[in-house]
Amino acid sequence: MCGIVGFIGSRRALPVLVEGLRRQEYRGYDSAGVALVSDGGMWVRKTTGRVAELARAVADGPGGVVGIAHTRWATHGGVTVANAHPHLDSLERIAVVHNGIVENERALRRALQAEGVVFRSETDTEVLPHLIRKFYSGNPTDAVLRALEHIRGTYGIVVAFADHPEMLIVARNGSPLVCGIGDGETVIASDPQAVVEHTRRVVYLQDREMAIVRAGEVEVRGFDGGVLDLNVQLIDADYDVANREGFPHFMLKEIHEQPRSIRRCLLGRIQREDGLAKLGGLSMKPRDLVAIQRVITVGCGTSFHAGMAGAMAIEALARVPAHCEIASEYRYRHPIIERDALFLAVSQSGETADTLGAVQEIQLKGGQVMGVVNVVGSTIARTTGRGVYIHSGPEVAVASTKAFTSQVTALLVFTLMLARTRDLSLPRGQAVAAALDSVPEHVTHYLQNPGPIDQVVEVVKNARYVLFMGRGYSYPVALEGALKLKEIAYLPCEAYASGEMKHGPIAMIEEGTPVIAIVPMDDQREKTLSNLKEVEARGARIIAIHTEGDEEIAALADIAIAIPAVADFVSPLVTVLPLQLIAYHTGIALGRDIDKPRNLAKSVTVE
Ligand code: M6R
């Protein structure tokens, strides 16, 4: 969601800026723009649509060595060239790119208009260059700091001054920014993926910090103006994800990466012989684990579904009450935060505003919250301070796939760790550890022979409505399957717990309605089988995801997709695979933009 790049050095800035935007395209956006300090002034180009459009528009641009660029995901004001960033002050000598939301924009806009300022866009961001101009009397740092005193909301900003081509000013409050320090040049970005091709030496800005950025130099200051120690870190070369490894889309690459990503998540964490699990990042001893009276997982979208599956396993295996909450609801519903509960904030990006808001609310009320996060050093990882990294590697496709399976895996490792401090015996612990250990093999096995996905695509691609259903561990999988099909194929579909069918959704079934049922061999199978017979009697076309060898389900289904036989608690890690493939191939059949579906953003950093 919105991407920022800034560059200052001695080579041409435009190619660096455009490539930096391209590398952040996966975050989702609808327009793009660039501003260069050039010939003593500001040279600006903006376009709606893809970064490729902007690249064409700036192909003959000047050779300036300082500039800023942005991809915008519309919040305030439509998708227009005028609303695209960078935004300029009235003299067109100060340019700003901004991620986040200025909450008091209306009051600031009115006050500035009363002073004679003419606005050119409908955006909240435009108040920033005008405010900075108002406080500017030759010192860029002071002007930015004074302007920010008036801003309420979240921001990551980069400001360029035509009068000061030797520097860029950067500031952060809630929206991530990283400064990459290279040899005689500095690259700023909202995402390390735009920096890593230039340098691996980076400084992550923290909230309420600003930086004065020069070619090859970064000076970080607090909002009180005081200079802070520079914390230079080395980013993982893994961040360099521009490569699709021969797959036509990142989504397909990431689906096929799951045996590896799940294995990475398990690596060094399972002691099979002792039936134990270890998660060092939690820093919890058995005594601390025993004190936990309840576990609440919190997340959004796919991470919410992973949190649901994890909570079910925690309750079933560790016998600790557990449930999952939608972060955006939880943060605002004045929840009771029990002191002996453990909260787990589940987030691939570690930047989701709603999940972060829930974390802050839990912390404010004295609750104990830890992260289950993919992106190392992300805001949720830092805010929680303790947690589990899922190690799935960078996920580029907007539709989350490998992060889901790694999140569930990490929560299952935690389940084993917790359960062994409770009732789970050594032999049961060994069985759980073995089941977890064998998941990558089962995932590989399924992906080598995924079954008649093309037949499913033929059935669903023109459907008016698709229903997903499952019980127990298969219910969050049904929700996840429906979410994937909506995101990638834009098909109307929903997911229900199979037992809810008779309470309403069955009214939607008519002759030919596709019903995708997740019905592995577990202790809920018989119940789902009855539900399948009910929809069959009403003319549904049944697509069943069933365990290999379950001939009864295969015979009942119009299309049957077999998955390997696994323990019930790990079943989401294999039953979700055909659903990911169905969404992907249906999206392809309908000509959708797979890695950048409409209206969506990879990290949802605004509410
Ligand atoms: O980065 P997060 O895991 O916190 O993101 C949460 C959701 O925005 C995310 O899972 C979203 O639902 C995905 N697009 C699903 O494919």
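Mentor: The C-alpha centres of domain 1 and domain 3 lie 45 Å apart. This is a predicted model, where local features need pLDDT of at least 70, side-chain atom pairs count only at pLDDT 80 or more, and totals for chains, interfaces and linings use all residues. Residues are numbered from 1 along each chain as its sequence is written, and side-chain values use heavy atoms, with hydrogens and water left out.

Trainee: What are the bounds of domain 1, domain 2 and domain 3?

Mentor: Domain 1 covers 2-239, domain 2 covers 261-437 and domain 3 covers 444-594. Such bounds come from an automatic or database domain assignment.

Trainee: Why is cysteine 2 in no disulfide?

Mentor: A disulfide is a pair of cysteine sulfur atoms within 2.5 Å. The count here is zero. For cysteine 2 the nearest cysteine sulfur, that of cysteine 300, is 17 Å away, so there is no disulfide.

Trainee: And what makes cysteine 2 count as buried?

Mentor: Buried means under 20% relative accessible area, exposed over 50%, partly exposed in between (1.4 Å probe, protein chains only). Cysteine 2 has 10% relative accessibility, so it counts as buried.

Trainee: How do you know that strands E12 and E13 pair?

Mentor: Strands (E, at least two residues) are DSSP runs, numbered from the N terminus, and two of them pair if DSSP finds at least two bridges between them. E12 (residues 209-214) and E13 have six, in the antiparallel sense. Isoleucine 212 stands opposite glutamate 219 in E13.

Trainee: Which side chains of E13 point to the buried face?

Mentor: Val218, Val220 and Gly222.

Technical notes: Helix = DSSP H or I, 4+ residues; strand = E, 2+ residues; numbered from the N terminus.
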